[in-house]
Amino acid sequence: MKTHSLILIFVLFSLYATAQTNIAQETPATKQATLPNKIKVFPNPATSIVNILGLKNTPQAHIVIRKLSGTIVQEHFWAIRNKAVNIPVPKLKAGMYVVSIKSKEQKVQCKFYKK
């Protein structure tokens with residue numbers, strides 16, 4: 001019984017030491033990359049346009065709108081300026097959608113509801 005307790009204490013100490021080493025080795029860039037972006041999607045529910053704020057500016061972003069089933073309903077290649085993009089959605093049927101924005105600078109996914 002005493003041996004099992006010593007082994008358990010050793011394992012727990014090893015896990016703690018490993019966790020502390022990994023935290024100490026994080027660079028500021030790594031910490032910043034793991035922080036979630038503050039993306040804002042509005043209006044939600046949308047009627048004719050969806051505004052997405054908090055993006056990184058880029059000369060070309062691949063913007064895809066999918067149904068929750070995964071079916072692509074819109075696809076665009078647009079520049080992102082002023083950390084925002086405005087996507088027209090008047091032809092979409094009412095329901096829930098996922099917007100994917102991919103560029104060299106970022107990969108973002110967010111949901112919105114179309115009224």
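# Questions about a predicted fold

Guide: Among contacts in the protein chain between residues at least 6 apart in sequence, 51% join residues at least 24 apart, where a contact means heavy atoms within 4.5 Å. This is a predicted model, in which local features need pLDDT of at least 70 and side-chain atom pairs count only at pLDDT 80 or more, while totals for chains, interfaces and linings use all residues. Residues are numbered from 1 along each chain as its sequence is written, and side-chain values use heavy atoms, with hydrogens and water left out.

Visitor: How many helices and strands does the protein chain have, and in what order do they run?

Guide: The protein chain has two helices and seven strands, in the order α-α-β-β-β-β-β-β-β from the N terminus. Both kinds of element are DSSP runs numbered from the N terminus, with helices being H or I over at least four residues and strands being E over at least two.

Visitor: Why does Thr58 count as buried?

Guide: Buried means under 20% relative accessible area, exposed means over 50%, and partly exposed lies in between, using a 1.4 Å probe and protein chains only. Thr58 has 7% relative accessibility, and therefore counts as buried.

Visitor: What makes the link between the side chains of Thr58 and Glu105 a polar contact?

Guide: A polar contact is a pair of N or O atoms within 3.5 Å; within protein, one must be able to donate a hydrogen and the other to accept it, and residues adjacent in sequence count only if both atoms are side-chain atoms. The side chains of Thr58, which lies in strand S3, and Glu105 make such a contact at 2.6 Å.

Visitor: What makes the aromatic pair of Tyr97 and Phe112 stacked, tilted or edge-to-face?

Guide: Rings of Phe, Tyr and Trp (its six-membered ring) pair if their centres lie within 6.5 Å, and planes under 30 degrees apart count as stacked, over 60 as edge-to-face and the rest as tilted. The structure holds one aromatic pair. The ring centres of Tyr97 and Phe112 are 5.6 Å apart and their planes are at 25 degrees, so the pair is stacked. Because Tyr97 lies in strand S6 and Phe112 in strand S7, the pair ties together parts that are 15 residues apart in sequence.

Visitor: Which residues touch the most other members of the largest nonpolar core?

Guide: A nonpolar core is a set of buried Ala, Val, Leu, Ile, Met, Phe, Trp, Tyr and Cys residues joined through side-chain atoms within 4.5 Å. In the largest one, which has 19 residues, Ile52, Val99, Ile101 and Phe112 touch the most other members.
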